[in-house]
Amino acid sequence: MSVSDKKKQFKPLSAPKGVPDYLPPESATFYKVRQTMVEQAHLAGFQHIELPVFEDTSLFARGVGESTDVVSKEMYTFADRGDRSVTLRPEGTAGVMRSVIQHNLDRGHLPVKLNYYGPFFRYERPQAGRYRQLQQVGVEAIGVDDPALDAEVIALADRSYRALGLSGFRLELTSLGDHTCRPQYRDKLQEFLFNLDLDEETRHRAQINPLRVLDDKRPEIQEATADAPLMLDYLSNECREHFETVTGLLEDMEIPYTINPRMVRGLDYYTKTTFEFVHDGLGAQSGIGGGGRYDGLMAQLGGQDLSGIGYGLGVDRAVLALEAEGITLEGTERRVDVYGVALGAEAKQKMARLINDLRARGISADMAYGDRGLKGAMKGADRAGARLALVLGENELAAGTVAVKDLAAHKQQEVSLDQVVETIASRV
């Protein structure tokens, strides 16, 4: 069989279902969104933490909650070669908490303020905005039960979206109480639910964690639970005061919000302040990010009994929200500032040196490769979104100059070879 015949037997491969590719030029928007969210977190004093992509399965079973859809239906879990059960991370908070406990970060100055980003994995039914590999930027502030910290984290998320230019979103807010008032509410909610005609799986969920039933998106369940008791009506005095302080601080910061008393979110560890950002331009997958307080999680994972609050902002969803609002982020249309065009071998050698010197000065630069003529090479400058093009041909070599073309102003000047780097540095 010939080599060509063998090649014909191989079919092109595709990415796994529900795993998006971000390709140029659209990938520039993805990168800009993620970097903007990270920069906002760093401005608020959050420091970077790099997390493992997979952890022991027990971490998520204990931390996220076995009754959640995330743990019971959506995790990518497998046995490694040592027959240990490991899971691709479905969310970030449990991993951060594990790391804080393991490395004794909670023994120093509090709160511990950490920021992370990267892919997370959930076996969901793929659709627009819902992926099996999803990208998030998250923060966690651990160790202090202060409503001012809740307000800071929420304000940071709000500012991250506004820094992108987004405006068509809303902040929904509630309180899920704590161990002092949740038990009483749980009893009332179960009493209500057990009087409904529920299917066996939903009744079992109501037995284990009745709040999960309120998170059920099926229309018939939402209709049946429309009159269910609400956690906000059963808050202890301390939890109510905490929540009122948070909302008061948000009002002082002029951050608009709406109270959503039926909000549950998909993770069991949330207590007290819980929030979600919703963008109606995205259809069914309207949640673009959210989070909340998780008092008790650290103790549940074997650490001190310290509180914490955090969020996860969806990078994928934010990209879709920008598309829905027709927003193009500044700079995403430009790959480089300077593009070099060299005509001939000697010119290419000198141009390669110029491009390298520009990059050493922190100026983004590229050049045409191959044997394209001037017209074809200038098309490359346009595709790169360059501000300036450098043209070096026989005439320029003879004169010891470079033609510097301003592509926006359609102007050109001749600059000596030994001055071109300084000239461009002063303009870019």
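**Close-up 1. The salt bridge between arginine 387 and aspartate 337.** In this predicted model, arginine 387 and aspartate 337 form a salt bridge in which the closest N and O atoms are 3.3 Å apart. The pair links distant parts of the chain, 50 residues apart, with arginine 387 in the loop between H15 and strand E14 (388-392) and aspartate 337 in the loop between helix H13 (315-325) and strand E12 (338-342). Arginine 387 is partly exposed at 36% relative accessibility, whereas aspartate 337, at 14%, counts as buried.

**Close-up 2. The salt bridge between aspartate 280 and arginine 170.** The side chains of these two residues, aspartate 280 and arginine 170, meet at 2.6 Å, N to O. Aspartate 280 is exposed, with a relative accessible area of 55%, while arginine 170 is partly exposed at 32%.

Close-up 3. Aspartate 158 and arginine 162 both belong to helix H6 (residues 147-163), where they sit 4 residues apart, about one turn of the helix. Their closest N and O atoms are 2.9 Å apart in a salt bridge; aspartate 158 is buried at 7% relative accessibility, and arginine 162 is partly exposed at 37%.

**Close-up 4. A patch of positive charge on the surface.** Arg372, Lys375, Lys379 and Arg383 gather in this patch. Lysine 375, which lies in helix H15 (residues 374-383), is exposed, with a relative accessible area of 67%.

Note on methods: Residues are numbered from 1 along each chain as its sequence is written. This is a predicted model: local features need pLDDT of at least 70, side-chain atom pairs count only at pLDDT 80 or more; totals for chains, interfaces and linings use all residues. Side-chain values use heavy atoms; hydrogens and water are left out. Patches are made of residues with over 30% relative accessible area and no salt bridge: like charges are joined within 9 Å, nonpolar side chains (Val, Leu, Ile, Met, Phe, Trp, Tyr) within 5 Å. Accessible areas come from the Shrake-Rupley method with a 1.4 Å probe; for residues, only the protein chains shown count as cover. A salt bridge is a side-chain nitrogen of Lys or Arg within 4 Å of a carboxyl oxygen of Asp or Glu. Lys and Arg count as positive and Asp and Glu as negative; His and the chain ends are not counted. The place of a charge is taken as NZ of Lys, CZ of Arg, CG of Asp or CD of Glu. Helices (H or I, at least four residues) and strands (E, at least two) are DSSP runs, numbered from the N terminus. Buried means under 20% relative accessible area, exposed over 50%, partly exposed in between (1.4 Å probe, protein chains only).
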